[in-house]
Structures are given as C-alpha cells and as structure tokens.
Amino acid sequence: MNPLSESTYLVLLALYQGPLHGYGIIKKIEEVSEGAFIIAPGTLYGVVNNLQKQKLIETVKEEKESRKKKTYAITEKGKKAFELEFRRFQNMLSFTNKIVNEENEDV
C-alpha cells in the first residue's frame, strides 16, 4: 500500500474512535492537533470521496434535512490501512531517533 497523504491520515485518525459528520471531523483534527492542522471543507470532502471509493470509510447516516448532513465511519479495511501507516510513522521516528541520538553523541 502507498503511504497515506497527511489529510487522508488525519481523517482516518479522526474517525478511528467512532463515527463523525464532516464538521465533526474538521473539529476533531483541529482539536487533536491543537490547531496545527486545519482542513478546509473542500479538502475534507475530496478526501472523504476518495476514502469512500477505496472502501476505507462509509456513510452510516444521512439526514435528509439540514443540507443532507452525512455521518461517516471507518471500515475494518480503513482501520488496517490506518494502523499500517501508524506503524510506518513509528518506524520512521525510531530510525530518525537512532541517527539524531548517534549524531549528538559524537558532538
């Protein structure tokens, strides 16, 4: 599997603990990143559409009134993809720490 884009990873992260609607995803990402990452609605819905095509998330609820607000949930396939990417990040950090710590020991 190819590495996930930053925004794709963050959307899967936001949905990891349970379903959210679009605005909830935006707020969860902003909250968990302490404002460091803000995803615009246009970006979010592009990511959501791609994730649905890949069957990594699914629509679990759609309200007919209020602009057809949809609630999304991560699928099992989505959880596996997220967990693989999370392990990849952990490995990258581990390798980075080895080199950075090695360099600091030489100083």
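## Exercise 1: The nonpolar core

The largest nonpolar core holds 21 residues, and Val-11, Leu-12 and Ile-25 have the most contacts inside it. A nonpolar core here is a set of buried Ala, Val, Leu, Ile, Met, Phe, Trp, Tyr and Cys residues joined through side-chain atoms within 4.5 Å. Buried means under 20% relative accessible area, exposed means over 50%, and partly exposed lies in between (1.4 Å probe, protein chains only).

Before you start, note that this is a predicted model, in which local features need pLDDT of at least 70, side-chain atom pairs count only at pLDDT 80 or more, and totals for chains, interfaces and linings use all residues. Residues are numbered from 1 along each chain as its sequence is written, and side-chain values use heavy atoms, with hydrogens and water left out.

**Solution.** 
- Step 1. Helices (H or I, at least four residues) and strands (E, at least two) are DSSP runs, numbered from the N terminus.
- Step 2. Pick out α1, which gives the most to this core, with six residues.
- Step 3. Take Leu-12 as an example. Leaving aside neighbours within four places in sequence, Leu-12 is in contact with Leu-4, Leu-51, Leu-56, Ile-57, Ile-74, Gly-78 and Phe-82. Contact means heavy atoms within 4.5 Å.

## Exercise 2: Strand and loops

**Task.** Decide whether Thr-71, Lys-68, Glu-34 and Lys-55 are buried or exposed.

**Solution.** 
- Step 1. Thr-71 sits in strand β3, and at 16% relative accessibility it counts as buried. Apart from neighbours within four places in sequence, Thr-71 is in contact with Pro-19, Leu-20, His-21, Glu-58, Thr-59, Val-60 and Lys-61.
- Step 2. Lys-68 lies in the loop between β2 and β3. Lys-68 is exposed, with a relative accessible area of 52%. Not counting residues up to four places away in sequence, Lys-68 touches Glu-62 and Glu-63.
- Step 3. Glu-34 belongs to the loop between α2 and α3, and its relative accessible area of 75% makes it exposed. Although Glu-34 is not a glycine, its phi is positive, about 55 degrees.
- Step 4. Lys-55 is in the loop between α3 and β2 (57-62). With 57% relative accessibility, Lys-55 counts as exposed. Lys-55 also has a positive phi, of about 65 degrees, although it is not a glycine.

## Exercise 3: The whole chain

**Task.** Give the order of the elements, then describe the extent of the chain.

**Solution.** 
- Step 1. Count four helices and three strands. From the N terminus on, they run α-β-α-α-β-β-α.
- Step 2. The radius of gyration of the chain is 17 Å, well over the 13 Å that the globule rule gives for 107 residues, so the chain is more spread out than a compact globule. This radius is taken over C-alpha atoms, and the globule rule is 2.2 Å times the number of residues to the power 0.38.
- Step 3. Along its principal axes, the C-alpha trace spans about 65 × 30 × 20 Å.
- Step 4. To finish, 29% of the 107 residues count as buried.
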